[in-house]
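Biologist: Could we go through this model together, one question at a time?

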Amino acid sequence: MNYDINEFLPIRQGECKKNAWEEIEKKIGIIFPEDYKRFIDSRGEGGINEFLWILSPFSENENLNSIEKFNVMKDAYISMQNEFPEQFSFDFYNGKTGLFPWGITDNGDELFWNYKGDIIEIVVYESRYANNMSYIMSMEDFLCGLLSKEIVCPIFPDDFILEKNYYEKED
């Protein structure tokens, strides 16, 4: 898929200023996908259709800060993984491989990148880790696929996609 996210998700509120990616990546030991960096640079953290929230390592809102969410989600996931290891086959990001969050939903679903060497897949976990889906594609292709209804993620409600989708930047 080769999409332009702007075709599917017009910006409601102005653009953000460029963020200090190199500094934050060095600080936390991760290289974020290029499409995600472009997305955050142009839109900032915020929500798609007031349901799917895009996290940012630059957010001052702890609920939308990907570093804060990483720590909280990692603790919850590891706790569940210790109790039910057969249901929790992924590991959290360790500086090379594993899950790192980039989105959440109002229903409590969590969206991650799963770093696997040269491949970064998207993993969507249903609330309370009841179920998960994996997609080998970029964040932008995943979002465009959802918004165009070419991709159906059974974890998300049917009414999430609107006739006129929008992104609202969190202030």
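Biologist: Is F32 buried or exposed, and what is its relative accessible area?
Modeller: This is a predicted model, in which local features need pLDDT of at least 70, side-chain atom pairs count only at pLDDT 80 or more, and totals for chains, interfaces and linings use all residues. Residues are numbered from 1 along each chain as its sequence is written, and side-chain values use heavy atoms, with hydrogens and water left out. Buried means under 20% relative accessible area, exposed over 50% and partly exposed in between, with a 1.4 Å probe and protein chains only. F32 therefore counts as buried, with a value of 1%.

Biologist: How many aromatic pairs are there, and how many residues apart in sequence are the parts that F32 and F100 tie together?
Modeller: Rings of Phe, Tyr and Trp (its six-membered ring) pair if their centres lie within 6.5 Å, and planes under 30 degrees apart count as stacked, over 60 as edge-to-face and the rest as tilted. The count by this rule is 24 aromatic pairs, and the pair of F32 and F100 is edge-to-face, at 5.6 Å centre to centre with 75° between the planes. Helices (H or I, at least four residues) and strands (E, at least two) are DSSP runs, numbered from the N terminus. Because F32 lies in the loop between helix 2 (21-28) and helix 3 (34-43), while F100 is in strand 3 (residues 98-105), the parts tied together are separated in sequence by 68 residues.

Biologist: What is the relative accessible area of E121?
Modeller: E121 belongs to strand 5 (residues 119-125). This residue counts as buried, because its relative accessibility is 7%.
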